[in-house]
Every structure is written in structure tokens, then in C-alpha cells.
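Here are my notes on the model, point by point. Please read them with the structure open.

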Amino acid sequence: MRITREQVEHVAMLARLELSGQEVGEYTRQLDAILEYAAVLEELKTEEIEPTAHVMPLMNVMREDSVRASLSQDQVLRNAPDAENGFFRVPKIV
Amino acid sequence: MDITARSAVELHTMLVEKEIQAQELTAACLEKIRTDDQEIRAFLTVTAEQALKQAAAVDQKIAAGEKIGLLAGIPMALKDNISTLGIRTTCASKILESYIPPYDATVAEQLAQAGSVLLGKLNMDEFAMGSSTENSGFGKTCNPWNRKHVPGGSSGGAAAAVAGDEVVFSLGSDTGGSIRQPASFCGVVGLKPTYGAVSRYGLIAYASSLDQIGPVTRTVADNAHVFNAIAGHDAKDSTSIAFDKPDYSQFLQREIKGLKIGVPREYLAEGIDPEVKRVIREAIQTYTDLGALVEECSLPHTKYALAAYYLIATAECSSNLARYDGVRYGLRAAEAEDILGMVKQTRARGFGAEVKRRIMLGTYALSSGYYDAYYLKALKVRTLIKQDFDQAFAQADVLLAPTAPTTAWAFGAKADPLSMYLADICTIPVNLAGIPAISLPGGLAGGLPVGIQLMAKPLAEGVLFQAAHAFEQATAFHTLKPAPTGGAL
């Protein structure tokens, strides 16, 4: 096994996903199969190879720090599940 | 020929010559959607009223003797991960079921500027994660060629709507083949542009180092014209590249005599359907007859691409989709008492199984202790894959390969996630390398379309249009149409 039930539960917590017991079982089996397939990469020696995160040689794209139009508060809040007095409203945090 | 089946190039002439009105054309497409889309289900949202207004504006221009652009008055639709101001944009996900963007994607704005008429938003695999459109949160889309078969994915709605003559063209997005593979399955032309060639501002992100927007059309010429309208630098997208943009339609008439076409042998290895191999052999013959110089070549790291892709794409998706927390937009599980419970339940309820699976895999690949073994390893393999292409393009102008290992499969045939992932083996390396590629009709097998894929160097879309147009004109596979009943009976 490349991944255990306990690891899947831990990853679900990191990913902020509530999973049912059945889902944990299914994902353990499926992720294990996918990781087993991904083990093919171990065949390749890559110590000397630089990683490629991005294919284009773009670096630090900057723009002028100037004042410009943006969305209004009303537009920004229009899709909010809950809003009050110009704020996003959420369940109690502390 | 039915008016809705015509190309943008033909329709433009008809509009300018006043043989038809833009409003008539839009009404004909809306009627086609009304009758056929109940079964095909390519659309998630139809914007009939707004479309007729846009068409009327084009008619006014024509009546006033103003010059109109080639895409003016042409009916089209957008994959539902492309943001549209005031029009629901769902990514085919329950988590965004009622999300109405407060701004337009740059491509939506560009097409509106060009006068194209937006008929609505198209179905897809949820968050573009899938290869069959079966992962949509709002039902399946059928393949117009056989309604018991998938249209491919994730841009299944974009390909089916064009193949079914519901719109003249559409825009999809391609992260690992999501434009090219459905184009192959539905017998239409799909371009995955060079990474950075088309603005992604307003494209709802899946995997940011791979996602690209591109056109789906019925002819190569139409594809070049739509690409003309959407390609170019956009200051709103920091990954967009500045380059001298040619008029891509100029490439269409160029001869391909002497063009060097490489055929990577790894793309004709195990796992490729014999009928797909036959189509590639016939395409090689067609190109040879046209005077191209076709030679076998090798991309030795091809077999590692799929594994690298699924680690990189899922890692990026786990980060991108962290934003769906039930706070600023989208679904919220309102009954939870604390914030952590609210976020976890919102995501559990709002995301479908495949999206959760990819978030889990990506979170794992990035997590402490596994990052080097999986994510970093995959990025290094990506370097090797890119180098393969650099070496191949030192010899060849264009590479020819299958778009997909098979034709469209029947609904439910790939229930196991890994078997679905394997359907992307021919398209994924292109995304990892950031190069452009096009899929175009290469013939039929068992009554279903088979696409051929052409790949080129970064920003060499012109040579793709040149080679694709020559093939299209020599074979006329693009004129084959599905039976009106979809052949499923």
C-alpha cells in the first residue's frame, strides 16, 4: 500500500473536505492505484534535472502602481452567501 | 445546407451580401438548440434575449453600410468556466450553481468586440476535470454522432454544440486535452494554443501552469479567424506573453510541399486502437501525397507524461480550489456552527467525486514528506518532456499523432478513474511542454469520428493552420455529418 486510510483522513483535513467513512475507503483504494501508477516516474534518474514549474521564461511581471477603477463593494458582495453592513458574514470564529 | 451548419467564413459573406440577416441566423441557431439540445444537452444556460439584441446591433451596422468583421453576427457559445458579466457561470459545479460573475473574461470581451453573438454557456466536466463530460454536476452531454456515447471532455458541450450545428463556433479550455479530445470525438476542429498566447483573465482556474483557452470550429479556416480574435497579450493576465501576432488566416493558403512532419513512434505504441492507427497511416499518406516530408521521430519520455501530469495538475488544483470556502461566493453549508465545519461541509456538498479525488491527490502530492517524491519529481520529468519536444522540433516543423487512443466510448464505460486518465495520453505532453496543438477530423471508425493531432513549436500556430487546412482541403472529412437521429437507434 502506498497510502493508508489514516493518511487519507489527514489529507482530507488539510484539504478541508468532510468525507464519509465510505468515501475514505474509496479514496484510499483509488489514490493508492493512482500513486502505484505514478511510481513509473521512479524509473527516471532526475538528480541533475532542473524542475519546470512554468514553461514560459516570464519573471516578475510588474505594472505601474497607479489608481484605477475596481469593482464596487456592492458588486463584490452580490455573490456572497451572507453579507451584512458591507462585510462578508461567517459563523463565529473565536 | 442548413444555415446553422455553415462556416463563419461562408456566413460572413452571406451577411455582407445581405442574403441573410444576423437576427435570422441567431434565431435559426436558437431554434436548433430548442429542438436538438433537449437530447444533446450541450448548454447549461441559453441567453436568447441578449443574443437577439446583439444580432440586431450587427444588422443595424450592415444596414448602415458599416464594414463588419469576419466574426460579426456569428452565433457562438462559451464553455461554462469562462466568466461572463451578468450571466451565470457554474463550471458545471454545484458549488457555483448560482454564481453570476461581476466581470467578463477577456476572451468574452474580445468576442463581443468582434460582434459575435453569445448564445449561452456550455456543459463540461466539473471544473474541467474529466475526459467525458460525465463529471458535470448538471447532467451528461451526448455525442451528436451517437447519443449513447460521450462527447469527450472536459469541453464536451463546446464540441457537441459545434458538431450538432447549434452554434458556429465555441471556446473551450484545454488543461490536458480538454479541447482536442472532445474535438476528436465529435469530428470538429479544436486548437490548444501556446501557453500564454490567449488571455486567461476570467477563466476559472483548474491547473494554472497548464490551462489554455482555445477555439472549437467546424473548419480550420474558422479556427484561424477565431484565434485571430482572441490571441494576444493581456495586461490583466500576468502569464500572458507579448508577441507579434500575424494574421493567422494568411497561413491557410500556403503550400505544404517540403514541410517536415515528424511522427513520434511513442504515440503509436500499445494502447492505441488499431482503427486510430489506420487513420494516422492514411493521414501520413495524404501528407506524403501533398509533398510533405514525413519521417518517424521519437519523444522518449512520453510514457512518463501522464503520471507527471496528474501530479502537477492535481497539486495546482488543490491550491486553486481552496478558494471555494463558502465565504465570498458560491454554495455555503449554512447549518454549520463553526467556521471550519462550514468550510468542510460546503466543500463536501459542493464538489463532485472527481473534483474531490483530484483535490485529495494534489494535497497529498504537496504535503510535507511527499513533496519531493511526487510534486518535485513530476516537475523534473516535465523538463525532460519539454526537452524531447525541443529536440523533435529541431528536425520537424510539425508533429503528427493521434489525438486520442480511441473513438468516443459509451456512457459509463470508464468507471475507474485511472482508465479515464489513460484516455489523455496523447494530449497531455503538449500541455506539459506549453506548445500549441490542433485536432482535426481524420476520418471515421465504426461510425464515429477520429481526430488527428498536429503539434508545433511555441507560437507556431500559423504552421498548424497551414498543415491542417491542407489536409482538410485534400480529404474533406470535415464535411461528414452525424445522422439527424444521432445514429443511436
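1. Start between the chains. The axes of H2(A) and H9(B) come within 9 Å and cross at roughly 130°. Axes here are lines fitted to C-alpha atoms, for helices over the stretch in contact, and angles run from 0 to 180 degrees between N-to-C directions. H2(A) and H9(B) are therefore oblique to each other. Angles under 35 degrees count as roughly parallel, over 145 as roughly antiparallel, 65 to 115 as roughly perpendicular, and the rest as oblique. Helices (H or I, at least four residues) and strands (E, at least two) are DSSP runs, numbered from the N terminus.

2. Provenance. This is a predicted model: local features need pLDDT of at least 70, side-chain atom pairs count only at pLDDT 80 or more, and totals for chains, interfaces and linings use all residues. Residues are numbered from 1 along each chain as its sequence is written, while chains are lettered from A and ligands numbered from 1 in the order in which they are written.

3. Which residues of H2(A) and H9(B) meet? From H2(A) come A:Ile34, A:Tyr37 and A:Ala38; from H9(B) come B:Ala307, B:Tyr310 and B:Leu311. Contact means that the C-beta atoms, placed from the backbone, lie within 7 Å. By class, the contact of H2(A) with H9(B) has 6 nonpolar, no polar and no charged residues. Ala, Val, Leu, Ile, Met, Phe, Trp, Tyr, Cys and Pro count as nonpolar, Asp, Glu, Lys and Arg as charged, and the others, Gly among them, as polar.

4. The whole interface. In total, 43 residues of chain A contact 54 residues of chain B. Helices H1 (5–14) and H2 (21–38) of chain A each supply at least two residues of the side that touches chain B. H2(A) gives the most to that side, with 7 residues. The side of chain A that touches chain B divides into 30 nonpolar, 6 polar and 7 charged residues.

5. A:Asp82. This residue sits in the loop between helix H3 (73–77) and strand E1 (83–84) of chain A. A:Asp82 counts as partly exposed, because it has 14 C-beta neighbours inside 10 Å. The cut-offs: buried needs 20 or more other C-beta atoms within 10 Å, exposed 12 or fewer, and partly exposed lies in between. Leaving out residues up to four places away in sequence, A:Asp82 touches A:Arg89 and B:Arg332.

6. B:Asp125. Look in the loop between strand E3 (117–122) and helix H5 (156–163) of chain B. B:Asp125 counts as buried, with 32 C-beta neighbours inside 10 Å. Beyond four places in sequence, its contacts include B:Ala92, B:Asn135 and B:Ser154.

7. The core. The largest nonpolar core has 171 residues. Such a core is a set of buried Ala, Val, Leu, Ile, Met, Phe, Trp, Tyr and Cys residues joined through C-beta atoms within 7 Å. H9 (305–320) of chain B gives the most to this core, with 11 residues. B:Val398 is among the residues with the most contacts inside the core. Its partners beyond four places in sequence include B:Leu259, B:Leu454 and B:Ala467.

8. A pair within chain B. H7 (220–230) and H15 (461–475) of chain B pack at about 160°, with axes 9 Å apart. That makes H7(B) roughly antiparallel to H15(B). Their contact has 6 nonpolar, 1 polar and 2 charged residues.

Technical notes
Two residues are in contact if their C-beta atoms, placed from the backbone, lie within 7 Å.
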